[in-house]
Amino acid sequence: MTTAITGSTSPSKTLPASLWLVQALLGVLFAGTGLWKLLTPVAALAAMIPWTGQVPVAFLYTTALFDLLGGIGVVLPSLTRIKPGLTVLAALGCAALQVSAILFHLSRGEAANTPFNFLLVGLSLFVAWGRRSRAPIQPRS
């Protein structure tokens, strides 16, 4: 007896739900981190996260802005269905930001600070892959 293997081109219902969940989590995390870095005084941030007080303020605020834009971009285009392909680019940007954070921490001898960054790279790449090839959002017509 042989079993035919059928290749399904449509994703299961679990994949789109998983993508929305991960997009929401990444959106809240990145946007929240960006706002936190922008709105919290540097001295207070430095007391919690030492590197924030050891880099130029412009560097800190630039990373905050990228965090905020990444968090918005990973959710809003898909949610509104206006240019939903931008979600893929935002997810790739979030992954690149986290790879940069990993390299930054490694260069400072802070390897212990990187596991969460690796997780965020994986989740961001999952969203980019899923929204690009397996469960894309169709734009408004």
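Visitor: Which residues does Cys94 touch, leaving out those up to four places away in sequence?

Guide: Contact here is a matter of heavy atoms within 4.5 Å. In this predicted model, Cys94 touches Phe30, Gly70 and Ser124 once residues up to four places away in sequence are set aside.

Visitor: Which residues make up the largest nonpolar core?

Guide: A core of this kind is a set of buried residues joined through side-chain atoms. The largest one has 12 members: Val22, Leu26, Phe30, Val74, Val75, Val88, Ala91, Cys94, Leu97, Leu120, Val127 and Ala128. Helices H1 (14-39), H5 (85-107) and H6 (115-134) each give two or more residues to this core. H5 supplies the largest share, 4 residues. A second core, separate and of 5 residues, includes Leu45, Trp51, Val55 and Leu60.

Visitor: Which residues of H5 are buried, and which helices do they pack against?

Guide: Buried means under 20% relative accessible area. In H5 the buried residues are Thr87, Val88, Ala90, Ala91, Cys94, Ala95, Leu97, Gln98, Ile102, Phe104 and His105. They pack against H1, H3 (57-73), H4 (76-80) and H6.

Visitor: At what angle do H1 and H3 pack, and how far apart are their axes?

Guide: The angle runs between N-to-C directions. H1 and H3 pack at about 150°, and their axes are 7 Å apart. Angles over 145 degrees count as roughly antiparallel, so H1 is roughly antiparallel to H3. The crossing of H1 past H3 is left-handed.

Visitor: Which residues of H1 and H3 meet?

Guide: From H1 come Leu26, Gly27, Phe30, Ala31, Thr33, Gly34, Leu35, Lys37 and Leu38. They meet Leu60, Tyr61, Thr63, Ala64, Asp67, Leu68, Gly70 and Gly71 in H3.

Visitor: How many helices and strands does the chain have, and what box do its C-alpha atoms fill?

Guide: The chain has 6 helices and 0 strands, in the order α-α-α-α-α-α from the N terminus. Along the principal axes, the C-alpha atoms fill a box of roughly 65 × 40 × 15 Å. Of the 141 residues, 36% count as buried. Among contacts with a separation of 6 or more, 67% involve residues 24 or more positions apart.

Note on methods. Residues are numbered from 1 along each chain as its sequence is written. This is a predicted model: local features need pLDDT of at least 70, side-chain atom pairs count only at pLDDT 80 or more; totals for chains, interfaces and linings use all residues. Side-chain values use heavy atoms; hydrogens and water are left out. A nonpolar core is a set of buried Ala, Val, Leu, Ile, Met, Phe, Trp, Tyr and Cys residues joined through side-chain atoms within 4.5 Å. Buried means under 20% relative accessible area, exposed over 50%, partly exposed in between (1.4 Å probe, protein chains only). Axes are lines fitted to C-alpha atoms, for helices over the stretch in contact, and angles run from 0 to 180 degrees between N-to-C directions. Angles under 35 degrees count as roughly parallel, over 145 as roughly antiparallel, 65 to 115 as roughly perpendicular and the rest as oblique. A crossing is left-handed if the near helix is turned anticlockwise from the far one by less than a right angle, and right-handed if clockwise.
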